[in-house]
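Good morning, and thank you for coming.

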Amino acid sequence: MDAAFFTAWIDEIARAVTAGRERLTRLDAAIGDADHGANLDRGFTAVREALAAKPPATPGAVLTLAGTTLIRKVGGASGPLYGTALRQMGAALGSAPEVTAGELAAALEAGVAGVRKLGGAEEGDKTMVDALAPAARALTAAVAGGLKDGEALAAARAAAEEGARTAVPLQARKGRASYLGERSAGHEDPGAASTVLILTALHTTATR
Amino acid sequence: MSAGPRVGIVLISHSDALAREAVALVVGIAGDGVAVAPAGGTDDGLLGTSVDKVAAAIVRVDQGAGVVLIPDLGSSVLTARLLEEPGSVVIADVPFVEGAIGAAVAAGTGASLRAVLDAAEDARVYRKL
């Protein structure tokens, strides 16, 4: 997987976020402040423009620029969180011109660690970590088990979906939804939902 | 009163107006010798946080004695954490208004970064009644 692959992933995320913007906003209106769809749409549109203006040469540079742009442009909590995840991934991938699925798995684990450290959320707190952490674990396990790239990324996507579903009945302990206490239970977390979009975009990019 | 560099304070809010008014309140109570700056709202003036605004405010209040960041909640906290520098740019985990006033009064006396942070954190246990 090279810089073009990761740029295509970001393009696919931007497309999926624009298409899913109303759904993310609806989820966020139920237990948050109804800005998640608009914030991510603005953020990933800016990322796509930044990558087009000055195409980076390596996967690490693509993800680092994407993360920095999200941090600067989003304005909501998802900017620093996804921005940190992508920057940590970029740092983990270093300056290699191409990376393997195993290296991507290790980078995703580093991204999850960055999000956990910044936001202080653990699995079960009903946040993006509930989808992101299982996805990273599934990708690592799939690669270790010898699965092909497309199959490994399908496993990561499925784990993110399952993680987001598992968080639905939970009560939020981090983020804006935590102010609602038990009234947050029964709603899908918008951060977990957008993480599913991002992991789905990765699988889509690898298999088309 | 110390004549040396004072600890700077940045008030980070989702709202540009809230951050500015909080600064006005703090200066009114602690005096205009305190280096305190607002960083509220997004770059286009909406509710949210701008890392560029916060970074610029840090530069504006930094006299060399350190800077205390006081965020309101959510993305303000996460953005502040991205700009933390142990020993020089630190976050106070405190009620926004009360913490800001506590920090500013201490900073106005020429207190150290540690002492200003402690003064802000006293606001967490300060009872109004």
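This is a predicted model: local features need pLDDT of at least 70, side-chain atom pairs count only at pLDDT 80 or more; totals for chains, interfaces and linings use all residues.

In chain B, four strands make up an open sheet, and their order is 2-1-3-4. The pairing in this sheet is parallel. Which strands are the edge strands? They are strand 2, residues 36-40, and strand 4, residues 89-91, of chain B, and each of them pairs on one side only. On average, and with direction ignored, neighbouring strands of the sheet are turned by 25 degrees against each other.

I turn now to one pair within this sheet. Strand 1 of chain B, residues 8-13, and strand 3 of chain B, residues 67-71, run parallel and are joined by five bridges. As an example, B:Leu11 has B:Ile70 of strand 3 as its bridge partner. In general, the strands of a sheet pair through backbone hydrogen bonds, in either a parallel or an antiparallel manner.

Helix 1 of chain B, residues 16-30, lies across strand 1 and strand 2 of chain B. Relative to strand 2 of chain B, helix 1 runs at about 165 degrees.

The next topic is the contact between the chains. Here 11 residues of chain A are in contact with 13 residues of chain B. Which elements of chain A give two or more residues to this side? They are helix 3 (59-73), helix 4 (78-93) and helix 5 (101-119) of chain A. The largest share, three residues, comes from helix 4 of chain A. By type, the residues on the side of chain A that touches chain B divide into five nonpolar, four polar and two charged.

Finally, I come to the two loop residues. Most residues other than glycine have a negative phi. A:Ala34, however, is not a glycine and has a positive phi of about 60 degrees. A:Ala34 sits in the loop between helix 1 (3-31) and helix 2 (36-53) of chain A. A:Lys126, also not a glycine, has a positive phi of about 65 degrees. The place of A:Lys126 is the loop between helix 5 and helix 6 (129-144) of chain A.

Are these residues buried or exposed? A:Ala34 is partly exposed, because 15 other C-beta atoms lie within 10 Å. A:Lys126 counts as buried, because it has 29 C-beta neighbours inside 10 Å, and the cut-off for a buried residue is 20 or more.

Thank you for your attention.

Conventions:
Residues are numbered from 1 along each chain as its sequence is written. Chains are lettered from A and ligands numbered from 1 in the order in which they are written. Two residues are in contact if their C-beta atoms, placed from the backbone, lie within 7 Å. Ala, Val, Leu, Ile, Met, Phe, Trp, Tyr, Cys and Pro count as nonpolar, Asp, Glu, Lys and Arg as charged, and the others, Gly among them, as polar. A residue is buried if 20 or more other C-beta atoms lie within 10 Å of its own, exposed if 12 or fewer, and partly exposed in between; C-beta atoms are placed from the backbone. Two strands pair if DSSP finds at least two bridges between them. Axes are lines fitted to C-alpha atoms, for helices over the stretch in contact, and angles run from 0 to 180 degrees between N-to-C directions.
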